Each structure stands twice: as structure tokens, then as C-alpha cells.
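Subject: Structure for you to look over

Hi,

Here is the structure I promised to send. Please open it first, then read my notes below.

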Amino acid sequence: MEFISQDIENYAELHTQDESALLKRISRNTYANVLMPRMLSGKLQGRMLAAISQMIRPNRILEIGTFTGYSALCLAEGLAEGGKLITIDINEELEEMVRGFIKESDMESSIDYRIGNALTFIPAIEEQFDLVFIDADKINYTNYYKLVFDKVKKGGFILVDNVLWSGKILLQDGKKADKDTQALIDFNTLVHRDERVENVLLPIRDGLMILRKK
């Protein structure tokens, strides 16, 4: 995930608004107790997600991939009054921890946390979303995109994490792509060619794709 020097990243974080005490605790707890803690968004990307949400002021947000709840709480900061965020994750082992963090926040009533397979949940959701964040298993990125597209309002946004995949999408030195890498290459190509959206790929953390539905 290190695309810029650690010194530059540290400087950027020092000059970015601080995260809340609860978010700091979620981060510490995740790194201390959860496997693959780098899946957590972290301060810089978390503040980016919060800023995007605050600019859009969404009434409805869908998040695919909750992990330990950090990004959900960041995205929920921008919800319009009376808004709701639905977040879906398949890992039931983290459910108690995540529900505890959500309960500690002041956004519990606005967050609908669901455990299960998003591929099954999404078709049954009748909401229309202003903002969608995809950050789950990479193999299914294209499937998630296709499932949510018609549920995104015209002018709405889809954010997609990990699209640079630690640089592996470049296939340097003639290396053959593994399944996750190829899935991301295919996804990036698909959305870049999709004339129904406008897109920009930002080299933030592990790559953040921003798509706006025309």
C-alpha cells in the first residue's frame, strides 16, 4: 500500500484533521486483536471518506464490507438529517465488536449493520442510494458494481477501495496476475470504459476509485 514515502504520508496525516477518540480506539483495537488489520481505512482515507460524504450530504449510503466499523462511522458523518447507512459484512466473528463500537457512537440510530452475503442481500434492498462504498472481496467487485448500479441515484457516487492493490495491478517483470489482481484489473477496465459514469482513480492508500453516475 506504500505508494509514497512514509515521511510524506506522516506529513499528510499531521496536516489532516484528527480522527475522533472512538475512531482512534477502533484503530488500536483492530491492530491489536484482528487479523489483517491493514484492511482498516485509517486516518487519512477515513477523513477522505468523511469529507466526500459531507460534500454529498447523502440521505442513503450503502457500504459493502464493514470490517471493524471504522469506515462506516466515517461515512455516516456526512449523512443528511434522518439519513441511513446500510453496511454489510460476512464476518460474523466481528459482529459483537462492531455493534459495540456503533453503540458507542452518536450514530447508532442511523446505521443498519447486517451480517451475511452481500451478493444475496443487495438484490433484496429496495432503497435508492446517494453513495455506495465497495470494500469487500476483490473477486466480486464487478458483481457488486453491477448489483448496485441501478440502485444508485442519478448523480450519485460509488467509491471503490483497493483498486491499485499494492501496485500489483501493474504486472511488473512479466508476472502473471493472481485471481484477486486480475479481478481488479478487469474491474478497473470495466468502469473506465463504462459511459454511464465519470471516474477518477486516486492514489490514496491502496487506490480509491470515485465514480459518478451520469
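Buried here means under 20% relative accessible area, exposed means over 50%, and partly exposed is in between. Aspartate 194 has a relative accessible area of 10%, so aspartate 194 is buried. One caution before the rest: this is a predicted model.

**Salt bridges**

The whole structure has 14 salt bridges.

Aspartate 194 pairs with arginine 196, at 2.8 Å from N to O. Aspartate 194 is buried, whereas arginine 196 is partly exposed at 42% relative accessible area.

Aspartate 161 pairs with arginine 205, and their closest N and O atoms are 3.4 Å apart. Aspartate 161 sits in strand E5, while arginine 205 sits in the loop between strand E6 (197-202) and E7, so the pair ties together parts 44 residues apart in sequence. Are these two partners buried or exposed? Aspartate 161 has a relative accessible area of 0%, so aspartate 161 is buried. Arginine 205 comes to 18%, so arginine 205 counts as buried too.

Lysine 24 pairs with aspartate 18, with 2.8 Å between the closest N and O atoms. Lysine 24 is partly exposed, at 31% relative accessible area. Aspartate 18 is partly exposed as well, at 43%. Both belong to a network of salt bridges that links Asp18, Lys24 and Lys43.

**Strands around E5**

Now look at E5, which covers residues 152-161. Strand E4 (residues 129-134) runs parallel to E5, and five bridges join them. Phenylalanine 129 stands opposite valine 152 of E5. How does the chain get from E4 to E5? The chain passes through helix H7 (residues 141-149), in a right-handed β-α-β crossover.

Strand E7 (residues 208-213) is also joined to E5 by five bridges, but E5 and E7 run antiparallel. Here isoleucine 158 stands opposite leucine 211 of E7.

One point for viewing: side chains alternate between the two faces of the sheet in a regular strand.

**The largest pocket**

The largest pocket holds about 770 Å³ of space. Its lining has 33 residues, and the closest to the centre are Met36, Met39, Phe67, Asp135 and Ala136. Which classes make up the lining? There are 15 nonpolar residues, nine polar and nine charged. Strand E2 (84-89) and helix H6 (118-124) each supply at least two of the lining residues.

- Methionine 36 has a positive phi of about 55°, although it is not a glycine. Methionine 36 lies in the loop between helix H2 (21-33) and helix H3 (42-56). At 60% relative accessible area, methionine 36 is exposed.
- Phenylalanine 67 likewise has a positive phi of about 55° without being a glycine. Phenylalanine 67 lies in the loop between strand E1 (60-64) and helix H4 (70-76). At 12% relative accessible area, phenylalanine 67 is buried.

That is what I have for now.

Best wishes

Definitions and conventions. Residues numbered from 1 in each chain as written. Predicted model: local features only at pLDDT ≥ 70, side-chain atom pairs only at ≥ 80, totals over all residues. Heavy atoms only, no water. Pairing = 2+ DSSP bridges. Helix = DSSP H or I, 4+ residues; strand = E, 2+ residues; numbered from the N terminus. Right-handed = clockwise from strand over helix to strand, strands pointing away. 1 Å grid on protein atoms, 1.4 Å probe; cavity = no way out; pocket = protein on both sides within 12 Å on 5 of 7 lines; lining within 4 Å. Points joined across faces, edges and corners; volume = space filled by probe spheres on them. Nonpolar A, V, L, I, M, F, W, Y, C, P; charged D, E, K, R; others polar. Salt bridge = Lys/Arg side-chain N within 4 Å of Asp/Glu carboxyl O. Buried < 20%, exposed > 50% of the residue type's maximum accessible area, 1.4 Å probe, protein only.
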